[in-house]
Amino acid sequence: MRKIVLLIAALFALATGPALARPLTVLISIDGFRADYLGRGVTPNMSAMAAGGASAAMRPSFPSKTFPNHYALITGLRPDRNGIVENSMEDPAIPGVSFKMSNHDAVVDRRWWDQGEPLWVTAEKAGIRSATMFWPGSEAPVHGVRPSLWLPFDQSRSAEARVDQVLSWADLPLDQRPQFITLYFDDVDTMGHTYGPESTEVNVAATRVDAAIGRLETGLRARGLEANIVVVADHGMAAISEDRQLFIEDHVAAGTFRTLGTGAFMTIVPLPGQEEIVDKALVGSHEHLTCWRRGQFPARFHYGHNPRVAPIFCLPQTGWTVYSRARKPNGGEKGTHGFDPAAPEMAAVFVASGPAFRAGVRLRTFDNVDVYPLVARLAGIEAQPGDGHLHPLRGALKPKDRSGSSLGQAH
Ligand code: AMP
Ligand code: ZN
Ligand code: ZN
């Protein structure tokens, strides 16, 4: 009898074997890696991935900032629905607190993140282990759940050390090894801000991150591990100049408003009693600048219904920046982002390769929320209904992986 039970157990293990042997899924974000950097000849590993897999220029969500777009990529919801509407924001339901990337208490507070469900949360709920080698939101217990393995954000940790951490997680025994892993690099964005998108420094940083990706591939290969690797960026980078600066006080009187952010756009909160004056002065088109009321953005931005969106939002022409005279321009930056997601300068890189991908596929530009159903499919995690669609990316997959039969849920 015992033998029969063991035999049945062995047969069951055989039948479920392919699920255990599923390739790892690694989602890599290179902050600020503009789509056209891939064609500069400075990233040999990513070029090889594109040749052996799929690549595209990807449209970020509005606004083209870091936290809103990382959360869009990992939840499949645009910022208006995922709740991270800006890097800096306020919420009438969370009074007295300003959310900022540098405000650690806010970054780890799930109330800011709970409007979306990151893929690692869905995975963990389904008993699939996940790991985050940094990703905005991964330090908060979103919906009460954290990735099985995660680390507090530490910008000083080198690209190699981040990769080696991922490889050490890949070394874990099968029952502890994460099936879905995120990996984040900030270097290219930092250099883009400081030196501008056309600088040698950006190319050097791109080469550095590319080498780290090569190190990951080599490390996985040495371990005999198959992986589907998806490389994305949150947004691109536009050159800015002191010759193209706007000051909001040229349109509205100082002392009638406060602002949560300036640069590639400006968020305006009228002071109590000044609402009508500020609205009348700003809403509409100005030279190099357009301002919208919350709730009245162009439909293509899919933005402005969340109560966290500031009452007035002013967006300059791409490459121009807007400031308040009371709040000085960002000390000599040569590049920034936050502009119209349709601008070519804001386009983000997408490269994917691995056993699920066909070779040499160049996809048409798609929205970054479409990455979510792809990654969910690769990792065998049930995609939650959202703003993204798999179909713009389906052509990148091998026929057996398109239907979802071998890779998990259809979407
Ligand atoms: P941005 O100002 O939109 O260009 O944001 C880029 C910056 O976001 C990076 O240089 C990092 O300092 C910061 N950042 C990225 N991920 C995190 C995180 N998980 N927690 C805090 N800050 C982060
Ligand atoms: Zn960014
Ligand atoms: Zn940036």
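Reader: What makes T66 count as buried or exposed in this model?

Author: In this predicted model, T66 has a relative accessible area of 7%; buried means under 20%, exposed over 50% and partly exposed in between, with a 1.4 Å probe and protein chains only, so T66 is called buried. Local features need pLDDT of at least 70, side-chain atom pairs count only at pLDDT 80 or more, and totals for chains, interfaces and linings use all residues. Residues are numbered from 1 along each chain, ligands are numbered from 1 in the order written and chains lettered from A, and side-chain values leave out hydrogens and water.

Reader: Why is D31 called buried?

Author: The relative accessibility of D31 is 1%, and D31 therefore counts as buried.

Reader: How do you know which residues are the protein donors of the zinc ion (ligand 2)?

Author: Donors are N, O and S atoms within 2.8 Å of the metal (3.2 Å for Na, K and Ca), and sites may look incomplete because water is not among the atoms. D31 (OD), T66 (OG1), D234 (OD) and H235 (NE2) lie 2.0 to 2.1 Å from the zinc ion (ligand 2), so they are its protein donors.

Reader: Why is the site of the zinc ion (ligand 2) called tetrahedral?

Author: Four donors count as tetrahedral if all angles lie between 85 and 135 degrees; the 4 donor atoms here give angles of 95 to 130°, so the site is tetrahedral.

Reader: What makes R215 partly exposed?

Author: R215 has a relative accessible area of 38%, which means that R215 is partly exposed.

Terms used:
Tetrahedral: all angles 85-135°; square planar, octahedral: opposite > 155°, others 65-115°.
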